[in-house]
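Visitor: I've got a structure to go through with you. Can we take it piece by piece?

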Amino acid sequence: MAEPGDTGTVRLASRTLLGLAAVAIAFAAADTYVVVLALPDMMSASGLDVDELQRAAPIVSGFLLGYVGVLPLIGRISDLRGRVPVLLGSLVVFAVGSLVTAAAYDLETIVAGRLLQGVGGGGLIPPTLALVADLWPPKRRGLPLGVVGAVQELGSVLGLLYGAVVLAFGSWRDIFWLNAAVGLLLAAVMVRLRDAAPASEDGAAADRGRPDLLGAGLLALSLLGLSLVMLEPQRLVTGVTSGLAFLPVTGDSRWLTPVALVTYALAALLLLRQATARRPLVQWRTWGEVARSTDLVGAGLLTLALAAVIVTFASAEPESGAISPAAPWLLPVAAAAAAGFAYRQRTAATPLVPRGALAARPAWGALVVSFVIGASLIAALVDIPFFARLTVYRDSQLDAALVLVRFLVALPVGAVLGGWLLRRVPAAWITTAAMLMSALAFLHMATWDAQSLASGWETLSLVAAGLGFGLAIAPVNAVLLEHTGDAVHGVASALLIVARMVGMLIGISALTTVGLRAFYAASEKIPPASEVCSGAVQLCQAYRDEVRDAGIAQLHAVFVGAAVCAAVAAILALWLLREAPDRRARNTGGTIPV
């Protein structure tokens, strides 16, 4: 592995591995947004009506829970076990989750598949960011970090387009079949390139050699059997001969059919092969040491705390409140689990986050800045399309969503530009300027009227806001990696992502509360419909305009709140991300297996 202090030359295989990881991140990020278009069909397949959107919320929140909940543990494993093994494992989990989702037959299996997709998709990011730090010296990390950030944000744009194209020619299930195929293909290519990557000093070279083709075949057959059990293809089920394989041997459960029993047998053979093969698909013999080298109890407590926070805020009903009705018991659970995690951090022999890993002010400061940036960013992602639907694009949800594309396209451009600027400008200054740009753009949005988005000039404000958030991605990542040791880059990167996602969840709840208060205040000033309308209420344009203006007041309050969050992020970045002139970050040691 190239050391950070080397001349900066990196082997082609390592660069290609990083490129594949970036492509996988973009694909997983696209999956976050592709469900927006597929959700109505997924609801129908799970037996839900279109007016039962709240019951379908776990399809979205399940992915988010998987994406965030186990990130710190995955990041720590990548520090102990290696970047590439975790990348491969995450890709396989993402592919299996996609397969389960594609073959799902009810809401529970769809949610389970989405949860696995979230675990796999989120698990790709920490080892990828850490791989950049492993392969590039600090002064040259800016651009590759910007590129990784750019492809992640580009996935949000491609997700909508990808979903629209697939749905134009197929069903929602085809989206997830393609996800599974692409995930497994990327994993296969990554396995081939892994053998050319530099070896570490801990014996990672033992993983190299001829892959276990028999094990791979058993895995493929097991996945095929699982798909058949869950999907029950009609052509096979109704066949005179093939249909016998789908008749339960007892009872009426599809999990007791001959196909299911054969799948169980294949899975058992796969486990046996894993235990006896000279070079199994998963090098399980080394995972015991990994488990002993980290605090699994602490990781479980942190996952529980994050899960409670995610459900509290992600399942809220905006019309009635900013948090879930179950918050009175979810928040105490989150607080108790967080307290337990803090205790484990102080007492465990090998804590999840090694002691002192985030001691430097710029390191923990990057987490704080990321949290506040997330709180501001979510306002753009949620409320810009909301404003468009409320005003100019009342009759088209798609056109309203496409307004956000102007913002989203600027994000990856800003990410690459921010990485390039890091070679010339300190990270604190870039982040401060970037967030001030977004703050000013939000303040301008707070002056929009009912016809503003009909003007092409408003593209400038949307692009300015997107550029600002994009510019801040690489500098914040670079500061965190520069002020943490090589041996903790994975878990540190995971905590950075968690901070941003939690900031987004809490931010949207807080901003929604502020906006609702503004809406109620404006609604109180609207005269009764009988005083405004001379005819039928539903035909009275004047009354509808009054209600629309109350909605605009609500969104103006949200945009002002987002501007305040962005300004706070700018101030915090200027203070926290600056490195003290007499203090340099020290490498805490440890060679990370690639």
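Guide: Buried means under 20% relative accessible area. By that cut-off Asp 79 counts as buried, because its relative accessibility is 5%. Keep in mind that this is a predicted model.

Visitor: What does Asp 79 meet in a salt bridge?

Guide: Arg 83. The two side chains come to 2.7 Å, N to O. Arg 83 counts as buried too, because its relative accessibility is 0%.

Visitor: How many salt bridges does the structure hold?

Guide: Six. Another one to look at joins Arg 500 and Glu 153, with the closest N and O atoms 3.0 Å apart. Arg 500 is in helix 20 and Glu 153 in helix 7 (residues 142–169), so the pair ties together parts 347 residues apart in sequence. Glu 153 is buried, because its relative accessible area is 8%.

Visitor: Let's stay with helix 20. How does helix 20 pack with helix 2?

Guide: Helix 2 (residues 57–69) and helix 20 (residues 489–523) pack at about 145°, and their axes are 10 Å apart. Helix 2 brings Leu 64, Tyr 67 and Val 68 to the contact. Helix 20 brings Ile 497, Val 498, Met 501 and Leu 505.

Visitor: Zoom out. How many helices and strands are in the protein chain?

Guide: There are 22 helices and zero strands. The chain has 594 residues, and 52% of them count as buried. It exposes about 25600 Å², with carbon and sulfur atoms supplying 67% of that area.

Visitor: And the contacts? What share comes from residues 24 or more positions apart?

Guide: 79%, taken over contacts with a separation of 6 or more.

Visitor: Now the core. Which residues touch the most other members of the largest one?

Guide: Phe 407, Phe 442 and Phe 559 do, in a nonpolar core of 120 residues. Helix 15 (residues 361–390) gives the most to this core, with 15 residues. There is also a second, separate core of 18 residues, and Val 35, Met 42, Ile 110 and Tyr 162 are among them.

Visitor: What is Phe 559 in contact with?

Guide: Setting aside neighbours within four places in sequence, the contacts of Phe 559 are Ala 379, Asp 383, Ile 384, Phe 387, Phe 442, Met 445, Ala 446 and Trp 448.

Visitor: Last one. Where does Leu 436 lie?

Guide: In helix 17 (residues 427–445). Leu 436 counts as partly exposed, because its relative accessibility is 41%. That value falls between the cut-offs of 20% for buried and 50% for exposed. From Leu 436 to Phe 469 is 33 residues in sequence and 9.8 Å in space, C-alpha to C-alpha.

Methods:
Residues are numbered from 1 along each chain as its sequence is written. This is a predicted model: local features need pLDDT of at least 70, side-chain atom pairs count only at pLDDT 80 or more; totals for chains, interfaces and linings use all residues. Side-chain values use heavy atoms; hydrogens and water are left out. Axes are lines fitted to C-alpha atoms, for helices over the stretch in contact, and angles run from 0 to 180 degrees between N-to-C directions. Helices (H or I, at least four residues) and strands (E, at least two) are DSSP runs, numbered from the N terminus. Contact means heavy atoms within 4.5 Å. Buried means under 20% relative accessible area, exposed over 50%, partly exposed in between (1.4 Å probe, protein chains only). Accessible areas come from the Shrake-Rupley method with a 1.4 Å probe; for residues, only the protein chains shown count as cover. A nonpolar core is a set of buried Ala, Val, Leu, Ile, Met, Phe, Trp, Tyr and Cys residues joined through side-chain atoms within 4.5 Å. A salt bridge is a side-chain nitrogen of Lys or Arg within 4 Å of a carboxyl oxygen of Asp or Glu.
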